[in-house]
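Let's take a walk through this one together. Have the viewer open and follow along as we go.

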Amino acid sequence: MGAMVQRGNGQVIRLPRGASLADFADKIDANPGALVQVVFTQLGEMVTATQSCTDETLGLLGETLGYVVSIVSPEDEDKELLESFDVTFGGEYGEDDDLQPRPPVVTVMGHVDHGKTKLLDAIRSTDVVAGESGGITQHIGAYQVRSMIEGNERPITFIDTPGHEAFTAMRARGAQVTDIVVLVVAADDGVKPQTIEALNHAQAAGVPIVVAVNKIDKEGADPQKVRGQLTEYGLVAEEYGGDTMFVDVSARNRLNIDGLLEAVILTADASLDLRAPVDTDAQGVAIEGRLDRGRGAVATVLVQRGTLHVGDSIVAGDAFGRVRAMLDENGDTLAEAGPARPVQVLGFTSVPDAGDNFLVVPEDRVARQIAERRQARERNAELAMSRGRPTLETILERMKEGEKTQLNLILKGDVSGSVETVEDALLKIDVGEEVSLRIIGRGVGAITENDVNLASASDAVILGFNVRAEGKARELAEREHVDVRYYSVIYAAIEDIENALKGMLKPIYEEAQLGTAEIREVFRVPRIGNIAGSLVRSGTIRRNTKARLVRDGVVVAENLTVESLKRFKDDATEVREGYECGIGLGSYNDLKVDDVIETYEQREVPRV
Ligand code: GDP
């Protein structure tokens, strides 16, 4: 063992997930090189000093050296990050918190085609307040309706993305958004696989369920059967002595939607204590985000506690900004938004992800720093993932990387906001795993010779937003054939790159059947071999196309070629359905009467 390493005495050292030996060495005041040696000789692993190690390696190394290694999870790390700025996210409410009742937040789930979207539309139109002005018009990812229940106006918030994908994606990120699940089951179709899936997700999250038995207007609708079926999954209707409310509705005919809303409120009142502080800095979850042509990054957030105001400094995941304006689902501007209120926020410098927690912080600087630290952490985590220990899998992965098509970009813009927004949006383009996009340079200001040199050295494309390459830089770009593209709209750039990436994708091929022919007679032709006297059953048989031979429904030969094709005595290039012909499959001679010759070609399939 390296003499330079001081043995520990069971001290605990804390390391973030994906830490390197250099990080470890730093904590125990040792030489990183010595740790590399220890890991190699004691654990039989080759890692460099700066390479990320697995939890296991760090733990074993600690054990070897007499330390207890505690790996700090990303969640804890984030908590510590916030604490270092004197802010906290979430947590239990204390004695001193002035808690006010808040509306329930509802997600609609159920099997495909059972009417989730229709139901959300129907509910949207019931809003007693927006009703007069024509109802809710904008899709912002969530909406709130107010209905009269037992003489009181009661708001309910609906997440406007039906289905359990969004629900689980948010839960996976640690965001608990939903208080109640409305499980939609079509009365004419009954319980289906996704009904069960949705139910399992809701139950796993401990969220109460209200069952909307939909399509009761349809012939063959059997709402009682749905009740019976769901009993098996522990959802017993109240009328059968259980505690789940079942409501029969027709989303199409807007029948009994009020009854459903009432059931949601009653269920919330009976089984949940929905309260939140109002007079405090807002916190919550981002539920939708996108880049808008004119307005920049736009995000819908759901306030979970406190009140969000215009002018607040806000951070959501690794995005930050200051609330410039807030809009509700009617497109009306709001000055503030309290608990359970979904609002569209303008003013982020980049787009947060759905499920990112958001919180208001005392000043812009704090928001920016938290976001930047999170960005850095994410980059490190990604690096750690891409490095790791060289196993057979990672070696194979890297070999595959060699075939990878990569697009390098350099971004220049007039303001840093636009560069960040573009970078963010570009990195979110999903084009599958075969191609990748790397931003190798970015900055504010005109395109310089330096940018052009970097681009030509690494085959990169330069994107300029409201900036140009002038004088020498322009000449250099022309001489070096560097592709410089100018944009004034961010959107146009993203569209271009997206298309470019799609163009770089290797084409997908699909087999297309051309024709089939049934063998009626086999002719033996000296020196040439066997010829299949056939009747074309479908499509056309063409010379020089690929063929396979099928006997009694089983493929007996693959990868053959139609080498000769004759109509009577004459050569033919193609023979259509209903005609007889002689087909020669080259040296392949095992032909039998009633065999079927299938011809096909590989066609490129356009990507969607
Ligand atoms: P989703 O896949 O669960 O979002 O289902 P949709 O809301 O798209 O509805 C699927 C189909 O069922 C559509 O053709 C709707 O018009 C129809 N549908 C939805 N609700 C009702 C209903 O209450 N009655 C009838 N008859 N059809 C409905």
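**A buried arginine, and outward from there**

R374 counts as buried, with a relative accessibility of 7%. Here buried means under 20% relative accessible area, exposed means over 50%, and partly exposed is in between (1.4 Å probe, protein chains only). You'll find R374 in helix α10, residues 364-386; helices (H or I, at least four residues) and strands (E, at least two) are DSSP runs numbered from the N terminus. Leaving out neighbours within four places in sequence, R374 is in contact with D78, L81, L82, V315, A316, G317, D318 and L359, where contact means heavy atoms within 4.5 Å.

A quick word on provenance: this is a predicted model, where local features need pLDDT of at least 70 and side-chain atom pairs count only at pLDDT 80 or more, while totals for chains, interfaces and linings use all residues. Residues are numbered from 1 along each chain as its sequence is written, and side-chain values use heavy atoms, with hydrogens and water left out.

Zooming out, the protein chain has 15 helices and 32 strands. Of its 608 residues, 47% count as buried. Take the contacts between residues at least 6 apart in sequence: 70% of them join residues at least 24 apart. The protein chain exposes about 31,000 Å², with carbon and sulfur atoms supplying 47% of that; accessible areas come from the Shrake-Rupley method with a 1.4 Å probe, and for residues only the protein chains shown count as cover.

Now for the nonpolar cores, meaning sets of buried Ala, Val, Leu, Ile, Met, Phe, Trp, Tyr and Cys residues joined through side-chain atoms within 4.5 Å. The largest has 37 residues, and L308, L409, L426 and L463 touch the most other members. Apart from that core lies another, of 28 residues, including L119, I156, V184 and V210. Sequence neighbours within four places aside, the contacts of L409 include L426, L437, I439, I440, V461, L463 and I497, along with R438.

Next, the ligand. There are 15 residues around it, and D113, K116, T117, K118 and D217 come nearest; to be near, a residue needs a heavy atom within 4 Å of the molecule. By class, this shell has two nonpolar, six polar and seven charged residues. Helix α5 (residues 116-124) gives the largest share of the shell, three residues. As for individual atom pairs, a ligand oxygen is 2.6 Å from an N or O atom in the side chain of T117. Another pair puts a ligand oxygen 3.0 Å from a polar backbone atom of G115, and for the side chain of S250 the distance from a ligand oxygen to an N or O atom is 3.2 Å. Taken alone the ligand exposes 570 Å², and the protein buries 78% of that.

At 63% relative accessibility, D113 counts as exposed. F568 is another non-glycine residue with a positive phi, near 50 degrees; its place is the loop between β28 (564-567) and β29 (570-571), and F568 is exposed, with a relative accessible area of 69%.

Last stop: R254, in the loop between β9 (246-248) and α9 (257-271). How far apart are the C-alpha atoms of R254 and D121? They are separated by 9.4 Å, though the two residues are 133 apart along the chain. Beyond its neighbours within four places in sequence, R254 is in contact with D121, A122 and S125. R254 counts as partly exposed, because its relative accessibility is 48%.

How values were computed: Polar contact = N/O pair within 3.5 Å; in protein donor to acceptor, adjacent residues only side chain to side chain. Nonpolar A, V, L, I, M, F, W, Y, C, P; charged D, E, K, R; others polar.
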